[in-house]
There are 2 protein chains.
Amino acid sequence: MEFKVNSNVLEKLLSKIIPAVPSRTPMPILENFLFDIKDGNLIVCATDLEIALVSSINVDANEDIKMVIPARLLFDIIRSLGDTQISFETESNSKLKLTTENGTYNIGFSSSENFPTIPSVPKGKELVIAGDILKKALDQTAYAISKEDMRPAMTGTLLEFSQEGLRFVATDGHRLVKYINKKIITESEEQYIIPERAISVLIKQLGSQEIKVYLSKTHVSFIIDDFEFISRLIGEKYPAYNSVIPLENEKLLKIKTADLLSTIKRMMLFSATGSKQVKFSITEDSLVVSAEDIDHGSNAVEKIHCEYKGEPMDIGFNTAYVNDMLTHIDSEEIIFKLHSATKASIVEPVEIGEDEKILLLLMPVRINN
Amino acid sequence: MEFKVNSNVLEKLLSKIIPAVPSRTPMPILENFLFDIKDGNLIVCATDLEIALVSSINVDANEDIKMVIPARLLFDIIRSLGDTQISFETESNSKLKLTTENGTYNIGFSSSENFPTIPSVPKGKELVIAGDILKKALDQTAYAISKEDMRPAMTGTLLEFSQEGLRFVATDGHRLVKYINKKIITESEEQYIIPERAISVLIKQLGSQEIKVYLSKTHVSFIIDDFEFISRLIGEKYPAYNSVIPLENEKLLKIKTADLLSTIKRMMLFSATGSKQVKFSITEDSLVVSAEDIDHGSNAVEKIHCEYKGEPMDIGFNTAYVNDMLTHIDSEEIIFKLHSATKASIVEPVEIGEDEKILLLLMPVRINN
């Protein structure tokens, strides 16, 4: 088998596929690209069994062949070649011979028979969404995904189709983010959970282009430009998150996002490594934020101007969670909706896009006095 | 004790000193800044026992005090404050209270009695050198410093004062770099070895400013702008490196640096992980470079145009060493001076600054056929 390809064209193709190659795996076959040459088309795939990436280019090959090639080695070689024509040739001894004007490179290839089948998602019901809109929704929620495997459903982002809009929900039990795109309305309620690894790879691939999304019971497929991103779905029931969202939080605290974020960044230096606790002491026009690290004998107190309607109260939060939340809010001001020091707090941005809705929930931590 | 200081001024000072704070140490006291307030002057020091950094600013303190303060915590707090006035106040319970318009921060401080004494280098004989010239000399040699502790003298860069100029020499036994600044001429020969850690910290501090260098038998001091960098010297005899530099290498190979570097970058992908071997097969007008990784069944061959005077020969090198050397050469062309496949090779740049001289030595590796 022989074909020729420009190095830059191949580099561009491989750079799109390589994110699916696992860096560590007990299955060495996954460290390869699958090259499937058929009818003048070169299809390149990679998978870590959770996600898969597929793309193709036309090549003028004189024969069909399916083979697996060490992914990092091939990608590094192609990248190092500069702009040149590469001739690929398979030799009888399972060697792939690359020839350029500079030299000759031989690398081993293997049979494709042990390479896992790339799942295919039926291209029936189609959702079309702009890449940047999808990216924002995923960005706004992904940080709250649970890092613990105890409850598998929570190790991904929930996509919930509804009459209210398309909801993106993530929670780790201590905090929750619900982001709604109100433009994507569907009659029937449907739930899909996309794993965290898929979200983090997908976010990097999204620009402003139009994305086509296809869903099956077990997999999701995103068509991005000329390549396809496939992920398995988490086959679990997502927890009934609505039951933890309080409705009667009547104490309202309005504050400038940047002011609070700047204070929280400093509090992170003082809050104890274990509890990461920060205390909010709220009165009519001021929020006193304090943190203490008993082990290191250090503490900090700051006062920020705010608007507050309700009885003065003290409440504790995890500094890191407050920081995560604030760094993901665009709005100049936010509103905390509070009930008591032991009940979930709601946070909402004051300014929000017309087609969006966002609700953040933070569980308080017990204040030690 | 009380004094006030602007946060940006203090941040700038601390950022110069913090590189000497060790990130891991069995001596926790070294994780602190020494604050020595005396006669309206705040002297800040840090040391890891190998290097020390010292600087000072004027502060309007009402009392003299010497104390140690957790370095990273203080630096992180000061950096997070933005541009503001900070009031420092020591409290009776070993707490240091910082007050700004935003809030109050307490951190623990300790007595300075266990903090090591910062060595002082007599400011007698003085060498003045431009920062960028010193930086270049150190940059050009540091990569060849030995990473192994077996021969302590080789774990630093040799500074050798001589009638020929100031020589900077580094070697790990497999390669050697000798860089000479021909402008700094001294009558008597003197040798000083600066440890690798000092070199790597120092390089980052050097700009185009004038540097004053002072040397004692045990320490070196660099005065850079308004701060002092002190390092211990390695108290060992440097190996007689001149005896390994061959003089009769009569076979000359001239080649474009960029061409060879580009090839070597690709060969690094193919040379075996263990030996890192690359083979040069030299004939009159072409250099054939090849590498092979038997474990992975891959190999590469490239041909580069060159000018060569001598009998055709094959010689093997360590790919990583050739790469290190080439990435540190400014000259468009280089000359390899060769003798045989088992004898040291010399490499020299064709273009070189008027006041400079540079010689690179590479030991060959045995070629396996």
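Buried area is the accessible area (1.4 Å probe) that two parts lose on being put together, summed over both. In this predicted model, about 2,000 Å² is buried between chain B and chain A, and carbon and sulfur atoms give 53% of that area. On the side of chain B, the most area is lost to chain A by Tyr105(B), Arg266(B) and Leu269(B), which together make up 26% of what that side buries. Local features need pLDDT of at least 70 and side-chain atom pairs pLDDT 80 or more, whereas totals for chains, interfaces and linings use all residues. Side-chain values use heavy atoms, without hydrogens and water; residues are numbered from 1 along each chain as its sequence is written, and chains are lettered from A in the order in which they are written.

Contact (heavy atoms within 4.5 Å) involves 24 residues from chain B and 24 residues from chain A. Twelve residue pairs, both at pLDDT 80 or more, are in polar contact across the interface; such a contact is a pair of N or O atoms within 3.5 Å, one able to donate a hydrogen and the other to accept it, and residues adjacent in sequence count only if both atoms are side-chain atoms. The side of chain B that touches chain A comprises nine nonpolar, ten polar and five charged residues, with Tyr counted as nonpolar, Arg as charged and Gly as polar.

No salt bridges are counted between chain B and chain A, a salt bridge being a side-chain nitrogen of Lys or Arg within 4 Å of a carboxyl oxygen of Asp or Glu. Over all chains the count is 34. One of the salt bridges joins the side chains of Asp76(A) and Arg79(A), at 2.9 Å from N to O. Both residues belong to helix α2 (residues 71-80) of chain A, where they lie three residues apart, about one turn of the helix.

Chain B is superposed on chain A by a rotation of 180° with 0.0 Å of shift along the axis (RMSD 0.0 Å), fitted by least squares on the C-alpha atoms of residues with pLDDT of at least 70 in both. The two copies are therefore related as by a two-fold rotation axis.

Conventions: Helices (H or I, at least four residues) and strands (E, at least two) are DSSP runs, numbered from the N terminus.
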